[in-house]
Amino acid sequence: MASEQPLSREDFDRMAKLMGISGEPAYLDELYSQARGVFISAKSIRDIDVTGAEPDMAFIPKTD
Amino acid sequence: MDALEICYMSAGDLSKLVQSKEVSPVEIIDAHLARIEETEPVLNSFITLLAEESRAAARQAEKDIQAGRYKGPLHGIPVGLKDLYNTAGVRTTSGSKIFDTFIPAEDCTVAAKFHQAGAILLGKLNMHQFAYGPTGENPDYGHMHNPWNPEMVTGGSSGGSGSAAAAGQCTITTGSDTGGSIRIPAALCGIVGLKPTYGLVSRWGLTALSWSLDHPGPMVRTVEDAAITMNVIAGYDPRDIASAKVDIPDYTTALTGDVRGLRIGMPKEYFEAPLDPQVRKAVLDAVSLLESMGAEVKEVSFPMFNESQAISSTVLMAEASAYHRDLLEKDGHRLYEPVRQRLEAGLFISAADYLRAQQARAMLDAEGRRLLDDVDLLAGPTEPVTAPELLASRVMAGEQEIGVVGALTQYTRPYNINGFPAISVPCGFSESGMPIGLQLAGKPFDELTVLRAAHAYEQATDWHTRRPPL
């Protein structure tokens with residue numbers, strides 16, 4: 001289950017390292033700000049009641 | 001004929017003169033190349049200009065037409081393609097020096113269709129790097145500048161297309177629209193931009209930003225030219241897995257000037273969001289005009305509009321990061337920093353959140369379809385503001401200061417999420433002389449109704465006849 005806490009800097013640094021992301025401190029500071037934005041947006045997504053809604057992503061084998 | 005007049009003629013009007021041999025394709029291309037030479041130092045619309053190639057193609061078109069081999073309304077008409085449309089033998093950079101020397105072996109489907117129709121490729125147009133931004137910034141090939149005020153952005157990501165069409169550098173241009181990238185520069189530059197229904201125009205051979213949100217489409221100066229262009233580029237393509245097998249009508253049949261009986265809904269949520277009062281007034285005046293012409297207008301509610309930013313950004317960022325992951329790992333340090341940051345930030349989206357966004361997307365789609373059971377079109381602003389200053393990160397929308405990226409995609413992204421057709425048509429100017437756009441969205445594959453209303457409005461006003469002070 002995904003956490004609903006805002007992303008801490010320590011968690012960001014750990015995740016960035018695991019994903020192979022590196023850069024100058026100023027770059028990582030800005031990226032941290034953007035990654036926090038992603039987590040805030042994800043919280044908004046989780047707050048939507050999607051009961052009964054199936055994502056339109058069915059894989060349909062080609063017939064031709 | 002005066003060269004500048006040629007540059008500002010629509011494809012619809014120019015094609016009549018070409019067919020009747022009153023104007024030759026050579027004259028048309030020479031006029032446009034002169035216009036480009038005059039204005040390009042200010043605008044920076046092009047990444048690659050094909051001066052000699054287009055002159056040679058014009059001479060061939062002239063011979064063909066003289067010999068009675070007229071191909072149709074785009075024969076001899078200059079076209080500019082956003083530089084993420086692959087073009088055989090012509091470099092395609094996607095707005096990045098990383099691909100500065102990439103020369104595709106094959107045309108994308110849209111470019112091939114233009115070629116078959118006899119259109120002349122004038123050049124490849126500047127764009128926000130990898131189409132990942134709504135302003136028209138590009139440090140690799142230079143930022144794009146708005147013809148109405150070069151200190152302001154063109155909007156993006158198809159910024160060069162917006163400025164080239166608005167300034168008379170090209171008769172027809174194309175864009176691609178993932179969160180608004182056709183309609184945003186169309187509104188901010190004062191031209192017409194049509195995002196067709198998802199799957200109606202082939203994406204094959206275009207650099208992707210987000211597979212499920214990308215829509216290619218025309219950016220032109222008149223609604224008629226949007227219809228003429230759609231007649232050429234729409235249609236099923238087996239090479240695009242999302243391509244729709246639908247009948248393609250003659251889109252110009254929609255241009256009747258008649259909106260009597262058309263039902264137009266105004267989502268109340270549009271007017272509860274941050275919105276510049278000048279834009280609000282221009283849009284309300286435009287809808288009132290349509291009502292006076294016989295359309296039935298009523299307020300509707302589109303609650304999922306308020307969820308569109310979260311849905312759009314989650315889907316777009318995850319897909320863009322997946323598409324560009326190899327590039328990010330290999331050449332990340334060569335990307336424009338804000339683009340690299342967006343791509344790397346997208347890696348922080350979990351699969352579960354991406355799929356939940358897709359669930360919410362299905363709900364937004366269902367709500368939109370229900371709304372369009374009761375009305376034929378949804379109308380509102382294309383943009384909440386006029387063009388912001390170049391490189392600004394914040395903008396005032398009325399009394400609220402908001403982020404530029406969120407502001408510029410505020411009204412456009414819902415129709416990338418559900419794939420419905422949406423057009424931006426000029427509907428006024430601010431006190432400072434910057435264009436304002438009216439957005440009309442319709443039912444899936446009902447471009448005819450969208451074009452019909454946009455054309456009727458356009459013909460009842462003179463906004464589309466104004467020219468930028470260049």
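## Where α12(B) sits

In this predicted model, the buried residues of α12(B) pack against α2 (25-47) of chain A, and also against α10 (308-323) and α11 (325-331) of chain B.

**Helix α12(B)**

- This helix covers residues 337-346 of chain B and is mostly covered, with eight of its ten residues buried.
- The buried set is made up of Val339(B), Arg340(B), Gln341(B), Arg342(B), Leu343(B), Glu344(B), Ala345(B) and Gly346(B).

**Where the two chains meet**

- Chain A puts 23 residues into the contact, and chain B puts in 26 residues.
- On the side of chain A that touches chain B, α2(A) supplies the largest share, with eleven residues.
- Sort that side of chain A by residue type and you get 15 nonpolar, four polar and four charged residues.

**How α10(B) and α12(B) pack**

- Two packed helices are described by the angle between their axes and the distance between the axes.
- For α10(B) and α12(B), the angle is about 100 degrees and the axes are 7 Å apart.
- Angles from 65 to 115 degrees count as roughly perpendicular, and α10(B) and α12(B) are therefore roughly perpendicular to each other.
- From α10(B) come Met317(B), Ala318(B), Ala320(B) and Ser321(B), and they meet Arg342(B), Leu343(B), Ala345(B) and Gly346(B) of α12(B).
- The residues of this contact split into five nonpolar, two polar and one charged.

**A closer look at Ser321(B)**

- Ser321(B) belongs to helix α10 of chain B.
- Is Ser321(B) buried, exposed or partly exposed? A residue needs 20 or more other C-beta atoms within 10 Å to count as buried, and 12 or fewer to count as exposed; Ser321(B) has 19, so it is partly exposed.
- Setting aside neighbours within four places in sequence, Ser321(B) touches Leu343(B), Gly346(B) and Leu347(B).
- Ser321(B) and Leu440(B) are 119 residues apart in sequence, and their C-alpha atoms lie 31 Å apart in space.

- Why is β6 (residues 215-220) of chain B described as largely enclosed by the rest of the structure? Six of its six residues are buried.
- Strands of a sheet pair through backbone hydrogen bonds, either parallel or antiparallel.
- Strand β4 (residues 172-177) of chain B runs antiparallel to β6(B), and six bridges join them.
- Across that pairing, Ser176(B) stands opposite Pro216(B).
- Strand β5 (residues 192-195) of chain B also pairs with β6(B) in the antiparallel sense, over two bridges.
- Here Val192(B) stands opposite Val220(B).

**The whole sheet**

- The open sheet in chain B has eleven strands with mixed pairing, in the order β1-β3-β2-β4-β6-β5-β12-β13-β9-β7-β8.
- At its edges are β1 (46-49) and β8 (296-300) of chain B, each of which pairs on one side only.
- From one strand to the next, the twist averages 30 degrees.
- Helix α16 (residues 447-460) of chain B lies across β9 (377-381), β12 (422-429) and β13 (435-442), and runs at about 150 degrees to β13(B).

Key
Residues are numbered from 1 along each chain as its sequence is written. Chains are lettered from A and ligands numbered from 1 in the order in which they are written. This is a predicted model: local features need pLDDT of at least 70, side-chain atom pairs count only at pLDDT 80 or more; totals for chains, interfaces and linings use all residues. Helices (H or I, at least four residues) and strands (E, at least two) are DSSP runs, numbered from the N terminus. Two residues are in contact if their C-beta atoms, placed from the backbone, lie within 7 Å. Ala, Val, Leu, Ile, Met, Phe, Trp, Tyr, Cys and Pro count as nonpolar, Asp, Glu, Lys and Arg as charged, and the others, Gly among them, as polar. Axes are lines fitted to C-alpha atoms, for helices over the stretch in contact, and angles run from 0 to 180 degrees between N-to-C directions. Angles under 35 degrees count as roughly parallel, over 145 as roughly antiparallel, 65 to 115 as roughly perpendicular and the rest as oblique. Two strands pair if DSSP finds at least two bridges between them.
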